[in-house]
Amino acid sequence: MSYSIKIPDREYFDKNIPCQSACPIHTECGRYVQAIGISQDEEAYLLARAPNPFAYVLGRICAHPCEDNCRRGKIDEPIAICALKRYATDRHNLGMGHDPARKALPKVAKRDKKIAVVGAGVCGLTCAHDLALLGYTVEVFESAPVPGGMLYLGIPHFRLPREIIKMEVDHILSMGVTLHTRVTVGRDISFAELRSKFDAVLLSTGLNKGRELNIPGAHLAGVYNGIDFLINVNLGFEIELGKRVVVVGGGNVAIDVARAAVRLVQEAEDVARPATNGDEKNIQPALDAARLALRSGAEQVNMVSLESRAQMPAWKGEVDEAEHEGIVVDNGWGPKEIVGENGVVTGLRVRRCLTVFDENGRFNPAFSDEEKVIPCDSVVLAIGQQADLSYLNTDDGVQVTPRGILKINEDLSTTSAGVFAGGDVAFGPRILVEAVANGHKAARSIHLYLNGKTEKTQRSRFRIMPNWKMPSGFLTTPRQKMPMLANNRRIGIAEVELGFDEEQGRAEGSRCLKCQVNTIFDGSKCILCAGCVDICPERCLRLVDLVQVKGDERYDALIRQRYGVSAAELPAGQAGAIIKNEEKCIRCGLCADRCPTQAITMEALERQEREVFE
């Protein structure tokens, strides 16, 4: 493919592909969606994987800013881009048995520099992945017994199977990355010692501590921190919850806590009486699971959230699933006191929250006098996260901001030479795909710090698409619904979302509006007949007098180039223009078919980006 044509107004055409523009790692979302629609599953996988060493993970739990910006959502519902990423990775994993994206990598010369990565989460492992590709020696230090950071410790099994995490991590380690688990910097090795042994250090320790709530009763037996609760559950440790649990918080962590708690009693009820089919080998594991579950359980789980349902920061789909599983979500209430007897929790006193934010948009809840007590045996506080930076000393020279996170520069370097930081510990809570972007950026910055060089080239072209047609029925095909595990089977670690089957995958892929295909107008051929305007089914084209576009600097420059004067200086009726609303265009191509002078063509923007590291 040749990329020799310079594209004018490149930024405009890039932003015209909103899914890719919204993705922090600029995944070519539309292209892999379209590939699935035409049964090119391996191509779809390679496109999804190219910028993303955690493509399998993010196919399940990505916050998908691409979907939030999908133009199809302006018509009915956005493309299920995240679900299709999972479809691509699941099909690849099950049907192909190899990974050209990882195995067909060029051999690189080994460099004589060593980098330490502190924290085996998404940011740290992405950085390790990239540095290993560049030939550096990378060692990762993780205080937990398992790698993955909050993927493993904070996200329940039923949302993210552990074999998926293990597969992603194993692929990165197979590139020569060395992993040290159960090693806590500041206890098993000092930060100063780490700094002396390595040429550069990346701090990616995340926000692994839950925030405390300073209300009466906060130290009663039966009060748990949400992050600690999830870590213990995910590592298989016993937690005695009692039968009635109240979870305080309105975010995704609170939802995960509540859904994890409600599973304990379901597992106890359903697994304690395992059905048999004559295979005695299956009975003992089920009995063991039942005994484990019966050690604790919750018959009633309530969530208390300051925010209204519309204001809750948790994803709407997750809240809906929580309610489907029997969790009661109590919106507009704030905790006032944890009630107890003999040092043990008996209830949570809450008061009605009138507003969460003040007139300046700052968090400043206002309450009324209305109160109630929710009886419970335990309270789990899931009200936020914070960083544990106890491994740093003043002498280390790494500054901390008033927010309790690391102070960084644009290139992710800290205030100490050779020390970089990324992910939540540097930015506060962020979505996982932003942690991947941080990992990429950290690796590039470390490479440059170690006197490496890099050169990036970007080339683009438009390719005319003759006889352009959109797939039959693309506009009437509804968004496909994710198949879900039946509610009575949602026990233990069973994954709730089951993934699209092939029919759903193809149907969903065909809904894409193909935003990389543009309606290109040749003004020298246009006779302003308005045939394109008349035939456009979405009314996204308008024929206007040029004087109507005055005030727009971009258009004014074009008008001045063509007519020698600005739009404001043109007399009415002298010249016209076709104005297009890109958000409404469905790429049907009817305008191009109708044009009598072939002034309109459908052309795909094709781009090639290449970065060479030395």
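Me: At what angle do the axes of helix H3 and helix H4 cross?

Reply: Axes are lines fitted to C-alpha atoms, for helices over the stretch in contact, with angles from 0 to 180 degrees between N-to-C directions. In this predicted model, local features need pLDDT of at least 70, side-chain atom pairs count only at pLDDT 80 or more, and totals for chains, interfaces and linings use all residues. Residues are numbered from 1 along each chain as its sequence is written, and side-chain values use heavy atoms, leaving out hydrogens and water. Here the axes of H3 (residues 29-37) and H4 (residues 41-49) cross at roughly 165° and come within 8 Å. Helices are DSSP runs of H or I, at least four residues long, numbered from the N terminus. H3 is therefore roughly antiparallel to H4, a term for angles over 145 degrees.

Me: Which residues of H3 and H4 meet?

Reply: Contact means heavy atoms within 4.5 Å. Arg 31, Tyr 32, Ala 35 and Ile 36 of H3 meet Asp 41, Glu 43, Ala 44, Leu 47 and Ala 48 of H4.

Me: How many aromatic pairs does the structure hold?

Reply: Rings of Phe, Tyr and Trp (its six-membered ring) pair if their centres lie within 6.5 Å; planes under 30 degrees apart are stacked, over 60 edge-to-face, and the rest tilted. The structure holds five such pairs. In one, Tyr 45 and Tyr 56 have ring centres 6.0 Å apart and planes at 55°, so the pair is tilted.

Me: Is Tyr 45 buried or exposed?

Reply: Buried means under 20% relative accessible area, exposed over 50%, and partly exposed in between (1.4 Å probe, protein chains only). Tyr 45 is buried, at 0%.

Technical notes. Helices (H or I, at least four residues) and strands (E, at least two) are DSSP runs, numbered from the N terminus. Angles under 35 degrees count as roughly parallel, over 145 as roughly antiparallel, 65 to 115 as roughly perpendicular and the rest as oblique.
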